[in-house]
Amino acid sequence: MSAEATNPGNPAAPPQAAPPDLVDASHRKRGRPRLELRGLRRIGRAALLGPAPRDGLPDALEHVAKVHRAHHPDADLDTLSRAYALAESSHRGQLRKSGEPYITHPLAVTLILAELGAETTTLTASLLHDTVEDTDVTLDQVGREFGKEVCYLVDGVTKLEKVDYGAAAEPETFRKMLVATGNDVRVMSIKLADRLHNMRTLGVMRPEKQARIAKVTRDVLIPLAERLGVQALKSELEDLVFAILHPEEYATTRTLVLEHAARPDPLAAIAERVRAVLGEADIDAEVLIRPRHFVSVHRVRLARGTVTGADLGRLLVLVAEDADCYAVLGELHTCFTPVVSEFKDFIATPKFNLYQSLHTAVTGEGGAIAETLIRTHQMHRVAEAGVIALGNPYAPADGADTSGAERAAAEGSADDEGERVDPTQPGWLCRLLEWQRATPDPDTFWTSLRADLAQDREITVFCAAGGFDDESGAAEPDAAGTGTAVTGTVGLPAGASCVDAAYALYGEGAHHCIGARVNGRLATLSTVLCDGDSLHLLMAADSAADSAAGPSPDWLDHARTPAARLAISRWLAAHPGAETAPAGAADAGAAGAFQPCAAPGAAAAPRHPGPNAAGLSTDLPDATVRLAGCCTPVPPDTVTGFAVRGGFVTVHRALCPVVARMAAAGRQPVGARWHGPGDGAQGCRVTLLAEAFTRPHLLADLTEAIAAEGAAVVAAAVEPPREQRVRHTYTLHLPDAAKLPSLMRAMRQVPGVFDVLRAGRAQSTVAARS
């Protein structure tokens, strides 16, 4: 039995005051009917009287049927009537903790979905979603009476019993729902509506239980609603969670909204002028004022420090055709002063959750800035209801009865770009399904799921074609390691690195990745990718023969996705002696890895340097020496080495954290020392980070100082300023490594520069000054 149901003999907990103003406001702004308390009581009375005669709809189902027919005029209501009859009879005698008949809960869930335009099969399953869990009705009975699709949806949202799973019941239930959602996305639609109604009536629960349910809603279900594009449910869930977990901030925001509500709305005048402008241009458009929900107002207040009346809402312009959206945009930017930085085109480039709109902001006569959304009526339905607005996305053209599971097995192939053709199978869902299969432990799955969903947006990375890389001698294989390039796009959570992209593309084959090119430039695997970046991963050509090749423990610091972290952890557990990236990783030429190299334009060095090729000698004279990319040693740094598989000695700076970790693990160090004329006369490449206060001509002055020291700039990047500070990243070629200390001193002497550091993980623990 679900947490909301009680037996008639058990006294219900006294109802607690819920925040009705919050819920009412969130529904009022969307202009949809809401199941009010008096409606719940009416349904409750009708439920106690039992179903209506066979030739008519039950009284309690009339409102649901009316809303459903508004979206689907030809809907077959007989199925809904039969589902209600079964649900009412099976739940008869059960009460919610509020004291109402339990049937009011599936009715309310069904009404929520009907308001969003869900089709009849989804509504039938929502009426029955608690019958198998809380009553004697079986899945076989549901399947016989309502078909395989309804049976699959009911099974997908049915919780696992704590008697069987103990503390793992909740994570395993969500795992089960995710797997079911992978075959039929309507499973999660029903779960979201179910949680919304439970959150609306959570006031009857104990405070500690309210907080527990609210946290799971915040960490798991709200991100899932965002990814499925169901903004109507997401916004209300956010407000309800906000009121429970942050009551003081909620009260402050509520007071702020009420204070501004008593004043003239500055958006009303702008909206009226927009209507006049569009009317003069003969553009048929509906202009609405769309109030922000409470969490959105709270975020604006935190970001700007204050909130004006114009910040409490946005203008929403609805038109008929896509072309009309751009016509509206042209008129607004012609007749108003636009805020150029606020413009975004999500029609040409839709978000990963199906969302489409034009975003802009214009300034009114009094200086008020009105954020404006421009979309078609269909875009608006999708923006509100997400995948629910698709109706039944699994209905075959010939009308055959095919369940989501059967359709997925028959048609779940990927397109040429590696993404599902079906819009209900987005990349993020495919990734969740992939790594959950490799995570049998419930605690690890639960932690990884929350971490993955915590990424609040997704980026798209373009995977460039290519075979062997001319500079590194590395290949870009397909998943089978054949050497064929993977092309197309890959979706990743915001903040993902090249490591995450490698595992998303190649799976276990990513163990042999040795470098990357981002937007045509060599980059470290730790490089954080941005939306629209072009990525070319470099793979070890002899990875199949080199069983010792594998990821470095440092990769865990750069991996953001559970799939990457789990794969790396499994490999490291199976190879406890490994501590660096695969052979050849230091030779990929990635920015940030300090390594000896020829002058620009010279022939490429061999992939595997011979003994002492790094200008070093060790206590193992026959071993091949390579420099560690994590700390980028350079003369005259004190260095030490460690023997690794394949006859290599990897040399680190003595202060590198890896050295301490290896020593603590009992690894024996190998003595290493610089040698040769001048202890560093060899050419090298190094990446330096210059921290400075922003000022004009800073870039020119730093470049001049670098040139004066005889160093050549290979690549340069400037991060956006933050708090009047800016970071410059330079990849430089030095003809003599011994000149690095003087180069860093010269850069520090540039006015405004307060620090210059060597790139690498060691910079977080020690300022690598010479």
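These are my notebook entries on what I looked up in this predicted model.

**Entry 1: ground rules**

I number residues from 1 along each chain as its sequence is written, and for side-chain values I use heavy atoms, with hydrogens and water left out. As the model is predicted, local features need pLDDT of at least 70 and side-chain atom pairs count only at pLDDT 80 or more, while totals for chains, interfaces and linings use all residues.

**Entry 2: the whole chain**

I looked up the secondary structure and found 28 helices and 23 strands in the protein chain. Both are DSSP runs numbered from the N terminus: helices are H or I with at least four residues, strands are E with at least two.

Next I looked up burial. The protein chain has 770 residues, and 53% of them count as buried. Buried means under 20% relative accessible area, exposed means over 50%, and partly exposed is in between (1.4 Å probe, protein chains only).

The accessible surface of the protein chain is about 33,400 Å². Carbon and sulfur atoms hold 54% of that surface. Accessible areas come from the Shrake-Rupley method with a 1.4 Å probe, and for residues only the protein chains shown count as cover.

I then looked up contacts, meaning heavy atoms within 4.5 Å. Of the contacts between residues at least 6 apart in sequence, 71% join residues at least 24 apart.

**Entry 3: salt bridges**

How many salt bridges does a search of the whole structure find? The search finds 24. A salt bridge is a side-chain nitrogen of Lys or Arg within 4 Å of a carboxyl oxygen of Asp or Glu.

I noted Arg92 with Glu88, where the closest N and O atoms are 2.5 Å apart. Arg92 is exposed at 52% relative accessibility, whereas Glu88 is buried at 2%.

I noted Arg206 with Glu208, where the closest N and O atoms are 3.0 Å apart. Arg206 counts as exposed, at 51% relative accessibility.

I also noted Arg673 with Asp619, with 2.8 Å between the closest N and O atoms. This pair links distant parts of the chain, 54 residues apart. Arg673 is in strand β19 (residues 669–674), and Asp619 is in the loop between β15 (616–618) and β16 (624–627). Arg673 is partly exposed at 39% relative accessibility, and Asp619 is partly exposed at 47%.

**Entry 4: α14 against α17**

Two packed helices are described by the angle between their axes and the distance between the axes. I looked up helix α14 (residues 231–245) and helix α17 (residues 294–304), which pack at an angle of about 70° with axes 8 Å apart. The axes are lines fitted to C-alpha atoms, for helices over the stretch in contact, and angles run from 0 to 180 degrees between N-to-C directions.

Therefore I write α14 and α17 down as roughly perpendicular. The cut-offs are under 35 degrees for roughly parallel, over 145 for roughly antiparallel, 65 to 115 for roughly perpendicular, and oblique for the rest.

Which residues make the contact? From α14 they are Glu238, Asp239 and Phe242, and from α17 they are Phe294, Val295, His298 and Arg299. I sorted the residues of this contact into three nonpolar, one polar and three charged. Ala, Val, Leu, Ile, Met, Phe, Trp, Tyr, Cys and Pro count as nonpolar, Asp, Glu, Lys and Arg as charged, and the others, Gly among them, as polar.

The buried residues of α17 include Phe294, Val295 and His298. Gly305 follows α17 and has a positive phi, near 85°.

**Entry 5: helix α23**

I looked up helix α23 (residues 498–506) and found it mostly covered, with eight of its nine residues buried. Among the buried ones are Cys498, Asp500 and Tyr503. Gly507 follows α23, and its phi is positive, near 65°.

**Entry 6: loop residues**

Asp282 has a positive phi of about 60° although it is not a glycine. Asp282 sits in the loop between α16 (266–280) and β3 (286–291), and is exposed at 73% relative accessibility.

His697 is not a glycine either, and its phi is positive at about 65°. His697 sits in the loop between β20 (684–693) and α27 (698–708), and is exposed at 62% relative accessibility.

Is Gly364 buried or exposed? Gly364 is buried, with a relative accessible area of 11%. Gly364 lies in the loop between β7 (358–363) and β8 (369–376). Its C-alpha atom is 7.8 Å from that of Thr337, 27 residues apart along the chain.
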